[in-house]
Amino acid sequence: MSDTTPVIPDQPEVCRTVDAEERGVWRRVMDRFADHCRARSLFVLHYCTGCGAIELPPTITSRFDMERVGVSPMVTPRQADILLITGYLSVKTLKRVILSYEQMQSPKYVLGFGSCTINGGMYWNSYATVKRLDQYIPADGFIAGCMPRPEAVQQVFLDLMKKIDAGQANAWQDYYLNYDRYLGNQMALFGEEWHTPVDVIAEAEHYGYVGDGTRGRFTEILDRHAAYALRDAPEDYPERGANERLLP
Amino acid sequence: MTLLADLILMPLVAFVVGLLLVLMARRVRAKIERRVGPPFLQPVYDIVKLYAKKTQVSHGVMHDLAIMMLLGGFITAEIFLPVPGLDGLAEHGDLITLVYIMMVPMLGLALGVGSCANPNGSIGISRALTAMLAYDVPYVVVIVGACISYGTTNLIDIVQIQQQGGPATWGAATMPILAFAGLLATHGMLGKEPFEIYIAPAEIATGPMTEMSGKYMGALFVMQCFQLYTVGVLYTTMFLGGGENWLFFLPKVFAVIFISVAVTNVYGRYKTDDVIRWMWKWPTGIALVGLALVMVR
Amino acid sequence: MPFALPFDMTSLDLLMAIAAAATVLLYLFGTARLGGYLATLLHGAALAVTVAMGLDLAAGAGAIPSSLRLTVLGQQLAWTLDGLGWFFLLLTTGAAFFSSWYMAGEWGRVQQRARIQHGTLALNVLTMVLLLSAGDLLGLFIGWEFVSWAAFAMMIQAGGPATQAAYRYMLYALAGAMALFAAILVVHGAAGGFGFDQMRAALPDMSTGMLWTLFALFAGGFGVKMALVPTHLWQAPAYSYTPGASSAFLNAVSARMGLFALILSLVKLIGFDTLAGLRIPMTGIESTDILAWVAAITMVVPTYIALMQTDARMLLTWHGIGQGGYMLLGILVATPLGVAGGLLHVFNYATYQMALILAVFAVIHRTGTADLDELGGLITRMPLTYVALLMGIIGLAGLPPMNGFVSKWMIYKALIVTQQPLLSIAAFVGTLGTILSVYKLIHNIFLGQLRVEHREIREAPWSMTLPMLVLAGIGFVTGFAPGLALSIVDQAQAAMGVALLPHHLGGVVLATGSLNMLWVVGVLVGAIGVGALIFYVLGNRRFETHQYDNYAGGHFLSADIRYHFSHEFYPGLARVIGPWYRGWVVRMEHGLGVLAEVSGDLWHGVFRAAYTPLYVLIVAVLGLFWAGGAGGFGS
């Protein structure tokens, strides 16, 4: 967390501001230790909507055995560290990806698998697919190719591990710090009524990840859902009342 | 002073041995699947990683309390489970007490999972409790038979009785049929295939663990260490004569768990009702035969 | 009595006076604004007198007489209270105190007929005092009838399904009373009087057949009240549909009157030694073995029936029947450990069952339903009720640190020590079923998803939450220090003529494995503290989210989607055991119906003119036998 500047409201005045780099040795040792362990224990949530899923069994099982380096599959977003998007995303599945991403616990990493997540790949001109994954959620790495081989998948895991070990895999903070931008991109695709049950802003406030880009004109639209109280919501309004923060 | 040392050492030893048991389970599985398997410190990495998560999502106070009950219950259980050199408080609570203390963390987990408001979790708990009913029926037959055979429920005495004449006086030698039934029930207790109905990742999204993240999940990983250790040690204490020292004791514990993890990998998963039927038919039947032999003797 | 009483009143007289006054006063003023608190006050006074009596008994008073005298059939009836009666009396007045406290506030104000609820509660206490202090068999019978009718009055007040259940109860109770009456006649025939001492004196001369008859009649007659299988069908609906605190009172102590009478007749009067000598020829099966197996079946079968209930009240009352089996089984072990375990379970059960029933009625009070399929997630709305229910279910399931564990441990232990493996397995299996069922109870009411219609629910008022929390607290304290409750049990055990169980504050020391709950609970609480320390110190601080922020395979959850698993909570188990017991229960009820029909037809035929000579003959023979027997033994 060295490159974030947490905004703490009502901070008491002190003689001099303590620089984040100057924090205690103990704390830095602990951070280093935690990063060391994080890099060696990665639980992966495979979002297997695309054809890339076929490359994962050999990566995981006896041929390449990812458990050797501490990578193992997990089932729900709550348990996972890595969200592996294996291929193209349609507009409909992107909604689920965003929800799954928001339900994962930080630090969390997104890996785009195959060309489709980078530039749309062979679906570059489809009306229904998403072209660039990292417009909607922050990604830590991509694997180019169609299909990438298991060796390439392994390579991206190893690269990610190096980054985590060095404390540099911090794309997840960007989602909190610039939530408004990501939300804007999402709304551009799904419309202004888009929101997930996850209260990203409250989370950012709770953990001190509020930046200048956390709130903005798109999160203001989100606040307007407050008008849709649980029982006053029109019957046809999708996911009404899903966000309890937005209830009166 | 000794007591204080026991109180601190017993859970710590249990945790460390439990980590090794988890490692063994994963390595054995990897070997059977012709993989290399995880590195030596993998269980530690996993737990530290989970505790070091920077956001920790909770589903209310009961969710947190559940984690405390989980750890507290198992720590208590370890203190009442005598191991070589460490008797702990085994004088103040016997085998029956231990069996019921072991249910406290389960109840805690069940309550925490319930308060997550996720039906996958609730189904998982429903199945876990059903599985508990299934494997505990043979297990209580085994426990009752063993207690009647030893004439005591005090775990320290049970160990001493078995150590009087070497392996010939071990429970496994004096009541082999009960010991075998106990092993089958133990396998069910570990929740491994074919009895892992309550995890069932592809079916109910790991059941109780569905909504667990960060340190909540980390506590469950810790619990797994304690659980493997407790189940292994309890079986060793009841049927394999405990151990005069750790050198003889630990291999027995590892052997008990090894048998379970070695067979588990060749099975698929039973349905809930088939678990009950199997557990109530074979282990229970065998245990009742063993019990009859104990009563006749 | 630590304080002086006017007019040579004994403390038992005072208690009877309070109970009688309470009955009249509460029937008149129960609906008044402070009527509920008057009831609490009166029952509290009764409880205080009971406690004072206990101090007297502990000081060696022997038995506490009453000035009440009645002459029936030339026999003078007297009422005295000994340790056994006092033990049950303590539970009765205690239960009445907590029940009336629960009804005193908001509950009483919203009830249609609070006056009737208060009045019948006080009436029940009065009749139970009469029963528990009965000094002879006739007094016992009179008290028994009073208790039955008082319970009936309590059950019918709600109307609806409760009335149906109450009529069913009355049929069973009358059958039981008939058996009891026959038993008393047999005793009178043999002993020439109704006195307990007379009966004891006549025992050595009784033939084996007569003893078997007495055993069967007493066990059958009193077993009905305890709802021993196969007479268990009436209890669950009768107790469940009685409103509120009355239901808690019935659950906690009413069925225990059956146990009291069983202990009195079988243990105190006939005695374990005589019963042990009573064997089925050629088999070596003792009479107590039969009853123990009835108790074991009562332990297991109703528990698994409870598991399949969808109404919270029915679930609990079915468990109440099952728990009765534990008590009886413990007492029938006939060792100090077993008897103490059984009696302690009576006490423990009263504390946690009352807390449970009161909590469930608090939920009903707020939500209007006890249907386990229609609740969920109330933990955020009613946290105190949740705590009471949680502590109650831990007690009911018999897990540490609550008191239910201690008494069940003593029962398991007594069964294992006396080498009765199958009965101990039955006890364990009953407990396993209880764990499943209580989790379903707490999960379906308090955990899982909160329904939209329950979003605005408030916690139950203090007048309702406090009694159940205090009861749960008693359950915890007597779990932490079971010696407290065991000293109370000692009174009853001494009066039963059973050797006392040596115990200390934390439990018992036995050569075959001891139990010290001070250590168990202390370490458990400490370890949970360590768990809390680990939870709060390690890892970042928690962020509490809401119930719709939940994994659903990527689906978006919202308030109009039910995302809750409660209906048919144990489907796998239901598929396996469902067919067994469903068929069993239905067949048995049908069988009882057929039996009633056939015997009805038979008697109908007997009464018809066609058999008049036969009827006259039977009556004449019975009369001659009666007169001869009475004359022969009485003089």
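In this predicted model, the contact between chain C and chain B involves 75 residues of chain C and 76 residues of chain B. The size of an interface is often given as the accessible area lost when the parts come together. For chain C and chain B, the buried area is about 6,200 Å², with 74% of it coming from carbon and sulfur atoms. Three residues, Leu432(C), Tyr439(C) and Phe535(C), account for 10% of the area that chain C buries against chain B, more than any other three residues.

Polar interactions also cross this interface. Between chain C and chain B, 27 residue pairs are in polar contact, both residues being at pLDDT 80 or more, and the count of salt bridges is three. Arg542(C) and Asp64(B) form a salt bridge in which the closest N and O atoms are 2.2 Å apart. Turning to secondary structure, the elements that contribute two or more residues to the side of chain C that touches chain B include α16 (383-397), α17, α21 (517-537) and α22 (571-607), together with the strands β6 (515-516) and β7 (542-544). The largest share of that side, 14 residues, is supplied by α18(C).

Aromatic rings provide a further view of how the chains meet. Over all chains, 40 aromatic pairs are found. Phe43(A) and Phe221(B) are a stacked pair, because their ring centres are 5.9 Å apart and their planes lie at 25°, under the 30 degrees that stacking requires. The pair joins two chains, since Phe43(A) belongs to strand β1 (residues 42-47) of chain A and Phe221(B) to helix α11 (residues 214-239) of chain B. Phe43(A) is buried, at 1% relative accessible area, and Phe221(B), at 15% relative accessibility, is buried as well.

A tilted pair is formed by Tyr100(B) and Phe405(C), with 5.9 Å from centre to centre and 55° between the planes. This pair, too, crosses between chains: Tyr100(B) sits in helix α4 (residues 95-101) of chain B, and Phe405(C) in helix α17 (residues 403-417) of chain C. Tyr100(B) and Phe405(C) are both buried.

Within chain A, ring pairs connect Tyr101(A), Tyr175(A), Tyr179(A) and Tyr182(A) into a cluster. Rings also meet charged groups. The charged end of Arg63(A) lies over the ring of Phe64(A), 4.5 Å from the ring centre. In chain C, the charged end of Arg115(C) is placed over the ring of Tyr27(C), at 4.7 Å from its centre.

How values were computed
Residues numbered from 1 in each chain as written. Chains lettered and ligands numbered in written order. Predicted model: local features only at pLDDT ≥ 70, side-chain atom pairs only at ≥ 80, totals over all residues. Heavy atoms only, no water. Phe/Tyr/Trp six-rings, centres within 6.5 Å; stacked < 30°, edge-to-face > 60°. Helix = DSSP H or I, 4+ residues; strand = E, 2+ residues; numbered from the N terminus. Buried < 20%, exposed > 50% of the residue type's maximum accessible area, 1.4 Å probe, protein only. Lys NZ or Arg CZ within 6 Å of the ring centre and 35° of its normal. Contact = heavy atoms within 4.5 Å. Buried area = accessible area lost by both parts, 1.4 Å probe. Salt bridge = Lys/Arg side-chain N within 4 Å of Asp/Glu carboxyl O. Polar contact = N/O pair within 3.5 Å; in protein donor to acceptor, adjacent residues only side chain to side chain.
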